[in-house]
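Hi,

Here is the model I said I'd pass on.

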Amino acid sequence: NINFNIINYTQSDVGAKTYRIVEKNTGLPGYTYDTAEYTVTVQIDDNDDGTLKSTIKSIQKTTGSTNTAASDVEFANQYTTTDIDVALNASKTLSGRAIANNQFSFKLNQVTSTDDFIKDIGIVTNTGGSISLPGLTFQQSDIGQTYYYQVSEVNDGKPGYTYDSSVYTVKIEISDKNDGTLAATKTLMKSGQTVSSLAFSN
């Protein structure tokens, strides 16, 4: 609700008073502003008993070039956020020989908080010792949600190689920064313990 200051009328105000009501655009990021303009006409009458009476006689709403009668003054706004992209990166080390591009594969799955499988996100290969996992995108409807992912190396059984059996859990919490943008807080875990990075060794 919008409550304006009370207007006190005196005998000299008897007659019609016209007021213009608009929303002030303060430029808050993420918000749209209502451009409607309301014209409110108030009639002040003398009751001939030492008192006055004020009555709203009409409310006109103007939007662009369109004028319509209104029963109330109402402004509508909308708040929207931009999507946020989250990058997940890992590292790979190989002992015994130089590592080649696309030599090892790594998969990203979405899981529940109790590690139950939800869906495959994708499989990528290494570029040297770097691993760029499939990107994740979150939107306004994800605000307040927490998502879990698992990262692991694919054992494709190449002779002469050992494979890292580590399974990492990535917890991502989505929040609203209240400025039209989202924040994604990442927590990396391995065997229930928080870690600083995703690292695989062969």
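This is a predicted model: local features need pLDDT of at least 70, side-chain atom pairs count only at pLDDT 80 or more; totals for chains, interfaces and linings use all residues.

Below is what I found, starting with the ground rules.

Numbering starts from 1 along each chain as its sequence is written, and side-chain values use heavy atoms, with hydrogens and water left out.

**The sheet**

An open sheet is formed by 6 strands in the order β8-β7-β11-β12-β13-β14, with antiparallel pairing. Strands here are DSSP runs of E, at least two residues, numbered from the N terminus, and two of them pair if DSSP finds at least two bridges between them. At the edges sit β8 (117-125) and β14 (193-195), each pairing on one side only. On average, neighbouring strands of this sheet are turned by 30° against each other, direction ignored; the axes are lines fitted to C-alpha atoms, and angles run from 0 to 180 degrees between N-to-C directions.

Within the sheet, β12 (residues 167-176) and β13 (residues 182-190) pair in the antiparallel sense over 9 bridges. Asp176 stands opposite Leu182 in β13.

Asn109 is in strand β7 (residues 105-111). With a relative accessible area of 9%, Asn109 is buried (under 20%; exposed is over 50%, partly exposed in between, using a 1.4 Å probe and protein chains only). Leaving aside neighbours within four places in sequence, Asn109 is in contact (heavy atoms within 4.5 Å) with Phe117, Lys119, Asp120, Ile121, Tyr148, Tyr149 and Gln150.

Ser152 belongs to strand β11 (residues 146-154). Ser152 counts as buried because its relative accessibility is 12%. Not counting residues up to four places away in sequence, Ser152 touches Ser105, Phe106, Lys107, Ser166, Val167 and Phe200.

**The largest pocket**

A pocket here is an open set of points on a 1 Å grid over the protein atoms alone where a 1.4 Å probe fits, with protein on both sides within 12 Å along at least five of seven lines; lining residues have an atom within 4 Å of a point. The largest pocket is lined by 18 residues, and Phe4, Ile21, Val40, Ile56 and Val73 lie nearest its centre. Two or more lining residues come from each of β1 (15-22), β2 (37-46) and β3 (52-63), and β1 gives the largest share, 3 residues.

Cheers

Methods. Helices (H or I, at least four residues) and strands (E, at least two) are DSSP runs, numbered from the N terminus.
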